[in-house]
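Dear colleague,

Please find below the structure that I am handing over to you. I would be grateful if you would read the notes with the structure open beside them.

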Amino acid sequence: MQSDPNFSPMNPALTGTPPEAAIRRLRASRRRQWSTVLTVVLVLLGFLVSGAAGAVVYFWPVLMAGYQQTGQVSDIKAAASAVAQSPAAVPPAGAAFTVLLLGSDDDSKFPADHVLTQSMILVRVDPSARQVTMLSIPRDLWVPLSTGTTEKIDGAYSHGKAAAALATVEKNFHVHIDDYAWIGLKGLIKLIDQVGGVDLVVSNPVLDDFYPSDIDVRNPYGYTRVAVLPGAQHLDGMHALQYVRSRHNDLQSDFGRSYRQQQVLLALRAKASGLNPTDLPDLVSAVSGEFKTSMGLSRLRELLGIAQQVDFSRIHQIILTPPYTSSGQIPGHSALNPHWDLILPLVRQYFP
Amino acid sequence: MMRKLALVLAIALMPAFGFGVYTYLGSLKTKAVRATAVKPVETKPKFALPGTMIVIQDGGLYKLSGGTFTELGKAGSWSQVAVSPDHTKLVAVSQNSLASELSLLGSDGHVIKQLTHDRVAILDANHWAFYPRISLDGKTVYYSFDQPKRGYQVDLAVWSMPLNGPQAQARRMTTPNDHTGGDVTPIPLSGGALLYVKYTLGATGIASQIWLQSRPLAAGTALTDLASDCNQPSLSPDGNQLAMICTSGKQSGRLVVAPFDGRRLGPMRTVLAGGLNAAPAWAPDGSGLAYLAPAGAGGHFQLWWLPFAVPAVSASPSGSATAPAGRLAPKQVTTDVDLTPTTPLVWY
């Protein structure tokens with residue numbers, strides 16, 4: 001008998017149905033295909049996770065700061081309850097909002113969080129109109145504090161931290177504050193250094209023979225001399241601090257200092273307009289522990305965006321010089337008396 | 001086998017990819033934050049300016065001549081400089097955190113002698129000496145000095161002392177306004193007259209004016225108004241024009257030129273608008289002005305040159321002609337340096 005070379009019980013062409021081995025080969029082939037696809041997907045996923053991990057590590061200081069230093073809503077709520085208002089709703093994106101900027105001498109002379117706020121600037125930001133208004137509140141303004149006593153307004157923070165400062169300003173100025181930001185001495189120095197310094201025109205020679213020598217020194221009660229010469233220049237953090245902090249030889253007293261503070265704030269704004277999100281980790285690390293704010297990361301991002309859009313001609317600067325205030329001698333204190341009949345209409349106009 | 005090898009390789013590359021993302025994000029940081037300046041001697045100006053210029057960066061004195069920077073003397077704490085009329089001597093300010101001193105230097109930067117002795121143990125008995133300027137006869141140095149002081153008051157007045165005499169022979173020339181910062185940037189003129197900048201409290205704050213004084217401690221006359229806020233005067237080589245920076249209380253300064261007849265200024269003409277312009281100085285032949293202004297990502301101050309289309313013409317302050325007639329676009333001379341803008345440029 002001659003055998004047929006094509007005959008095989010496993011040959012589907014001859015049998016008409018797929019034999020088991022062919023099915024196994026087919027399944028094995030499909031499994032291999034799936035396995036390949038799965039491996040590729042897993043490898044891609046691995047790369048994705050790895051890349052995300054790289055990004056998370058890069059932005060880790062920002063994420064930690066977002067958790068620890070920003071969004072401190074408890075202070076805002078406390079302030080709201082202190083002025084017997086219901087906690088205000090967060091303004092919708094794009095709506096105007098008001099921020100109270102606070103700056104303190106937080107050197108080792110003072111226990112932490114019991115510091116005075118030498119700088120208090122009320123800032124209203126209107127993103128849709130691309131307009132910014134800054135009102136400097138004199139530190140020596142004699143007002144009833146939210147904590148019960150009547151003192152200089154710079155003492156509010158020392159009695160009840162940011163909540164007391166906010167409530168005091170809201171109560172006296174009849175203004176609603178959405179957020180606050182507080183910065184200490186070293187925080188300002190590091191912030192300015194981190195953005196590469198500030199460029200400004202120093203208006204006149206700022207000379208001071210009794211400038212506090214209280215940063216990174218053993219004895220924080222000492223003094224040093226300061227000379228910031230006039231004209232256009234590039235100031236690093238330390239010299240910018242000297243410019244905004246010196247007060248002894250200014251004919252305009254604390255008002256001159258308020259003007260200089262606004263000047264440096266605007267110079268910082270100009271620098272911030274050149275930054276991008278990848279600069280944030282270094283910035284946040286630099287001011288770590290020296291900066292607190294009730295603003296969340298989204299509001300801070302919004303502020304950075306506005307910094308890039310607002311032009312200088314649309315920034316309104318207000319300093320409460322006479323006749324809005326007048327010098328007064330309260331027993332034991334040299335203070336400023338507020339003239340509310342003039343101040344409040346001004347506040348209503350610019351902080352509606 | 002190949003597949004397994006590829007898988008192992010991919011797994012090994014994953015952490016590297018994560019690190020790569022981290023590094024890439026870091027590379028996107030704004031350059032302005034990281035921009036650092038280099039020493040002038042490590043740079044080459046884009047083109048050569050005529051004559052010799054002396055500039056300061058980070059406490060060091062540098063001479064720019066023939067398109068090349070050279071360092072004068074040892075790097076120190078120099079913050080301002082002036083040159084004698086015969087260009088053989090310099091008077092420079094060395095500054096520390098408590099005081100500043102004037103020193104007489106040779107043209108190569110070596111210290112001949114210290115002219116002032118302002119550093120003492122008692123904090124508020126220390127003194128600042130700034131803005132030196134040597135008189136036309138080369139015998140006297142004019143400068144700003146914070147004396148007298150009272151309590152918290154520290155204002156600069158213009159003083160003068162013999163270049164070869166002791167500080168005890170120094171005499172006060174001007175009376176500054178209290179608590180304003182005082183009088184700065186003296187320019188001695190012939191016959192004992194003096195041009196300088198006086199700070200005064202105006203309607204919107206403390207502002208500067210160019211003042212002219214005929215003799216020591218005389219009342220003087222304001223040559224510019226307070227609203228214009230003009231400072232940093234620079235007299236042309238022929239003495240007939242004054243260049244200055246006028247900010248009008250704003251955060252930018254116009255470069256302004258006005259004819260000067262020794263008693264008053266003529267019509268002021270803006271030759272460069274806006275910007276953080278500083279330290280204007282006339283070319284030795286009056287063909288234009290050099291000045292400092294920021295450029296580049298770091299905002300560091302660079303040297304700029306503003307040529308005039310035709311040589312600057314002298315004009316009568318009362319006349320309608322204004323100088324300089326015609327100007328060209330400013331040209332950046334240096335890159336990557338960070339020159340000190342609070343010292344008047346020396347150019348001869």
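The notes below describe chain B and its domains.

This is a predicted model, in which local features need pLDDT of at least 70 and side-chain atom pairs count only at pLDDT 80 or more, while totals for chains, interfaces and linings use all residues. Residues are numbered from 1 along each chain as its sequence is written, and chains are lettered from A and ligands numbered from 1 in the order in which they are written.

Chain B has two helices and 24 strands; these are DSSP runs numbered from the N terminus (helices: H or I, at least four residues; strands: E, at least two). Its C-alpha atoms occupy a box of roughly 100 × 55 × 45 Å along the principal axes. Of the 348 residues in chain B, 47% are buried (20 or more other C-beta atoms within 10 Å of the residue's own, with C-beta atoms placed from the backbone).

An automatic or database domain assignment supplies the domain bounds: domain 1 of chain B covers 52–190 and domain 2 of chain B covers 223–348. Taken over C-alpha atoms, their centres are 22 Å apart. Between them, 16 residues of domain 1 are in contact with 17 residues of domain 2 (C-beta atoms, placed from the backbone, within 7 Å). On the domain 1 side, strands E1 (52–57), E4 (78–83) and E12 (183–188) of chain B each give two or more residues. E1(B) gives the most, with six residues.

Yours sincerely

Definitions and conventions:
A residue is buried if 20 or more other C-beta atoms lie within 10 Å of its own, exposed if 12 or fewer, and partly exposed in between; C-beta atoms are placed from the backbone. Two residues are in contact if their C-beta atoms, placed from the backbone, lie within 7 Å.
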